[in-house]
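Subject: Structure for your files

Dear colleague,

Here is the structure I said I would pass on. My notes follow below it.

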Amino acid sequence: MTTASTHNPAARRRWRRLGASVLAAASLALTACAAGPADSADGLTTVRFALDWTPNTNHTGLYVAIERGYFADAGINVEIVPYNSSSPGVLVDSGQADFGIGFQESTSVAMAAGADLVSVLAVEQTWTTNISVLADRDDIQSPADLDGLTYGGFGSATENAKMRAIIQAAGGKGEFDTVVLDTSAYEALYSGEVDFTVPFVAWEGLDAAHRGIDLKGFAPTDYGFPDNYQVIVIGNGGWLDEHPDLAAGFTQALAHGYEDSIADPAAAAEILQEQNADVLTDLDFLVESQELLASDYMLDEHGEFGGQTLEQWTELGEFLLDEGLLVDANGDPITEAPDWSEFFTNAYLDD
């Protein structure tokens with residue numbers, strides 16, 4: 001097992017103050033407040049899990065764990081909170097959900113600003129997005145060639161700094177235009193309206209290939225950029241402290257579901273499709289996506305699932321800090337590194 005953080009709630013709260021943080025401010029718009037676990041009609045304890053988007057292969061382990069009774073065996077009934085206009089981070093921070101999908105990059109920004117979040121599980125160990133361009137762009141052979149071109153972006157606080165750093169590491173100046181398009185960026189790339197964007201390899205990348213659109217991509221780590229737990233599972237820090245046994249039961253059941261997804265991607269994809277037949281109709285695509293994630297992205301260097309390291313949290317965190325992308329609860333730039341070990345824990349994965 002990879003190195004665990006020292007999950008110390010008192011130390012975490014000394015510097016992680018809620019109030020005017022980015023996520024906490026958004027949370028004030030939500031009417032309900034945090035509540036403890038509730039018993040369902042069948043005697044199980046309900047735990048709420050927030051999705052970041054419509055169901056997809058980033059979520060397969062959740063549905064496998066539900067279908068195969070791993071949560072029920074732990075005494076848990078999972079209530080899935082569908083994606084809406086509030087991000088999972090806001091819902092978990094505010095207590096509207098106990099757990100949810102997160103991303104190391106954006107969650108680091110939120111936690112530095114005071115959001116009461118802790119990463120309990122890494123679904124994907126590395127970047128599952130590449131900087132991608134159309135394959136027939138012979139004028140683009142490396143990120144250095146993106147200087148002066150147009151990036152189709154998503155409006156995040158960190159993406160321009162990341163693109164600039166990667167271009168500079170490849171030998172360019174890091175000068176480019178950005179058009180914020182959100183998910184429309186993919187179609188804009190395919191039609192030539194923008195020059196580059198960052199599709200998920202195992203989703204938009206596969207979809208493009210199925211549509212006969214050839215892409216070529218540049219992996220951030222090939223140019224010295226810090227690695228990233230692309231998809232993580234975050235929990236509400238206060239809830240975790242109050243319900244450690246329930247948190248462990250949930251995390252281990254969820255990990256079991258993801259481990260099944262790695263061991264048998266086809267069977268897992270079928271469960272994902274069956275439980276979301278209204279939005280997921282192409283089983284062959286889901287199998288292909290799940291197989292790609294299982295083979296290349298979900299296990300660490302020791303062949304294990306779920307664990308996180310202080311080194312990886314620190315390296316990406318230090319980049320965000322150096323770029324001035326981390327602010328405190330008052331919106332003031334953070335100049336000293338927070339305790340990165342308080343951003344995550346492996347403790348709930350241990351049997």
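Helices here are DSSP runs of H or I with at least four residues, numbered from the N terminus. By that rule α3 is followed by Gly69, whose phi is positive, near 80 degrees. Please keep in mind throughout that this is a predicted model.

Overall make-up

The chain has 14 helices and 10 strands. Of its 351 residues, 55% are buried. Among contacts with a separation of 6 or more, 82% are between residues 24 or more positions apart. The chain exposes about 14,400 Å², and carbon and sulfur atoms supply 48% of that area.

Helix α3

α3 is mostly covered, with 6 of its 8 residues buried. Those buried residues are Thr60, Gly61, Leu62, Tyr63, Val64 and Ala65. The cover over them includes the strands β2 (45-50) and β3 (76-81). Helices α4, α11, α12 and α13 are also among the elements that cover the buried residues of α3.

Salt bridges

Asp260 forms a salt bridge with Arg68, and the closest N and O atoms are 2.9 Å apart. Asp260 lies in helix α11 (residues 244-263) and Arg68 in the loop between α3 (60-67) and α4 (70-73), so the pair ties together parts that are 192 residues apart in sequence. Asp260 counts as buried, because its relative accessibility is 15% and the cut-off for buried is under 20%. Arg68, at 36% relative accessibility, counts as partly exposed.

Glu105 forms a salt bridge with Lys162, with 3.3 Å between the closest N and O atoms. Since Glu105 lies in helix α6 (residues 104-112) and Lys162 in helix α7 (residues 159-169), this pair ties together parts that are 57 residues apart in sequence.

Arg164 forms a salt bridge with Glu323, and here the closest N and O atoms are 3.1 Å apart. Arg164 lies in helix α7 and Glu323 in the segment after α14 (310-322), so the pair ties together parts that are 159 residues apart in sequence. Arg164 counts as partly exposed, at 31% relative accessibility. Glu323 counts as partly exposed as well, at 35%.

Surface charge

Which residues gather in a patch of negative charge on the surface? They are Asp282, Asp284, Glu288 and Glu291. Asp282 is placed in the loop between α12 (265-275) and α13 (283-296). With a relative accessible area of 41%, Asp282 is partly exposed. That value matters for the patch because patches are made of residues with over 30% relative accessible area and no salt bridge.

Regards

Notes
Residues are numbered from 1 along each chain as its sequence is written. This is a predicted model: local features need pLDDT of at least 70, side-chain atom pairs count only at pLDDT 80 or more; totals for chains, interfaces and linings use all residues. Side-chain values use heavy atoms; hydrogens and water are left out. Patches are made of residues with over 30% relative accessible area and no salt bridge: like charges are joined within 9 Å, nonpolar side chains (Val, Leu, Ile, Met, Phe, Trp, Tyr) within 5 Å. Accessible areas come from the Shrake-Rupley method with a 1.4 Å probe; for residues, only the protein chains shown count as cover. A salt bridge is a side-chain nitrogen of Lys or Arg within 4 Å of a carboxyl oxygen of Asp or Glu. Lys and Arg count as positive and Asp and Glu as negative; His and the chain ends are not counted. The place of a charge is taken as NZ of Lys, CZ of Arg, CG of Asp or CD of Glu. Helices (H or I, at least four residues) and strands (E, at least two) are DSSP runs, numbered from the N terminus. Buried means under 20% relative accessible area, exposed over 50%, partly exposed in between (1.4 Å probe, protein chains only). Contact means heavy atoms within 4.5 Å.
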